Amino acid sequence: MDLILKNISLFAGENLEYIENGYIVIKNGRIEKVGTGKYTGKSNMNTFEGRGILVIPGFINAHTHIGDSIGKDIGVDSTFESRIHPVHGIKNKILKRSEKKHLVNFMRSSIISMMKKGIVAFADFREGGLYGIKQITEATAGLSIKSIILGRPEHYYDISRDFNKNPKIPQDVMESIHSILDISDGLGISGANENTDNSLNEYRNIIQKRSLKKKYLLGIHASESPETEKKSITVTGKSEVQRIISNLLPNFVVHLTNALDIDIRLVAQKKIGIVVCPRANATLGVGIPKIAKMLKFGCRVAIGTDNIMINSPDMFRELDYIWKVTRTIGDGAISAKEILKMATVNGGKILGIKSGSLLAGMSADMIFIDKTNLDISPMHDPHVSIVHRASANSILNVMISGKFVDEDEFNCM
Ligand SMILES: [Zn+2]
């Protein structure tokens, strides 16, 4: 549906400039024009009267594992490794022992929950090999949310045992990686400690080779906990980031919560994106990412909500937490506008999708906020209001690819 949104307030462009009274022209699911004041062009398009509404870019949840939606809060007091380690963690046992139908249903519930909370795109690290990709494809069927699925083979090393031997990935696993890439958007690798230098190199080569025909993404977890970082340095003599940069060169790294300053600088130099997951880190008690420092060093930083098992897929809560916690940890406060960019513009750029800002040429993905909502009115500082007062309750509508999201879409399975 082509549409002109009139008399709206909005956060325009990549700098999220606040416009008190403006308009957005939407054609064929894309934003054609964004402007200030009254729309004066001639048009026979449908119009949407937007008085009292603030339109903001839809949220990009740049890191999730929705596959574990069935395991919410199981083992909450267990250690980091015993909860989410890909081989011997509780999570892995839950996934293996649950019925496929239940797993898919709860995954779909998480996706619908994200859409209701203004998330228009998400990037999922999907475990379970080819079978795992098929499950998430089933869970997203008929939903307009943009899903970026990064798969991986169920094949892990342990650097304590394998680092010196440095084995290559066996041929049958290499073949399974190709099958995964045939139906996904790239690879989401567990971490440097679960890989030899050779296996990281092979992941890089396979992506580079296939990227000649189609663009793929390569992401990996790094420096999530003090223990994983310590293990890397003790066993290999290098930090996780150093090994990742020498052997993998991904598009983005997830976490960097316990990364050294020198590593954060290296990531900035190599123009590798960072996806931080501060509330998930807090649940696991592994630290608070030094986001102000990352931004100061010139990194591009986006936000993810990480495992559903340990955290809710709610970007409003993430914004609120980041705004407050970064004001207390002493490496500098971050403005509400910068934090909002992390949840929108930066996520779109890191994932290479035309979403995340209200700008001509972008997909019409946006959230309609009720400015008269009890929690946020009167809105004296719109960026701050969205970051630490707004919630799903403040949303009137969510639009993805130019269409309003409605309940019919959720029942289409
Ligand atoms: Zn993760």
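The model is predicted: local features need pLDDT of at least 70, side-chain atom pairs count only at pLDDT 80 or more, and totals for chains, interfaces and linings use all residues. Residues are numbered from 1 along each chain as its sequence is written.

**Entry: α4, burial.** I looked up the buried residues of helix α4 (residues 129-139) and got G132, I133, Q135, I136 and A139. Buried means 20 or more other C-beta atoms within 10 Å of the residue's own, exposed 12 or fewer, partly exposed in between, with C-beta atoms placed from the backbone. Helices (H or I, at least four residues) and strands (E, at least two) are DSSP runs, numbered from the N terminus. I then checked what the buried residues of α4 pack against: α3 (100-116), β7 (119-125), β8 (146-151) and α6 (171-182). Contact here means C-beta atoms, placed from the backbone, within 7 Å.

**Entry: α4 with α6.** I looked up the residues that meet. G129, L130 and I133 come from α4, and S176, S179 and I180 from α6. The contact divides into 3 nonpolar, 3 polar and no charged residues. Ala, Val, Leu, Ile, Met, Phe, Trp, Tyr, Cys and Pro count as nonpolar, Asp, Glu, Lys and Arg as charged, and the others, Gly among them, as polar.

**Entry: G287.** I found G287 in the loop between α11 (278-284) and α12 (291-296). G287 counts as partly exposed because it has 17 C-beta neighbours inside 10 Å. Leaving out residues up to four places away in sequence, G287 touches P226, T257, N258 and N281. I also took the C-alpha to C-alpha distance from G287 to P226: 8.3 Å, at 61 residues apart in sequence.

Definitions and conventions
Contact = placed C-beta atoms within 7 Å.
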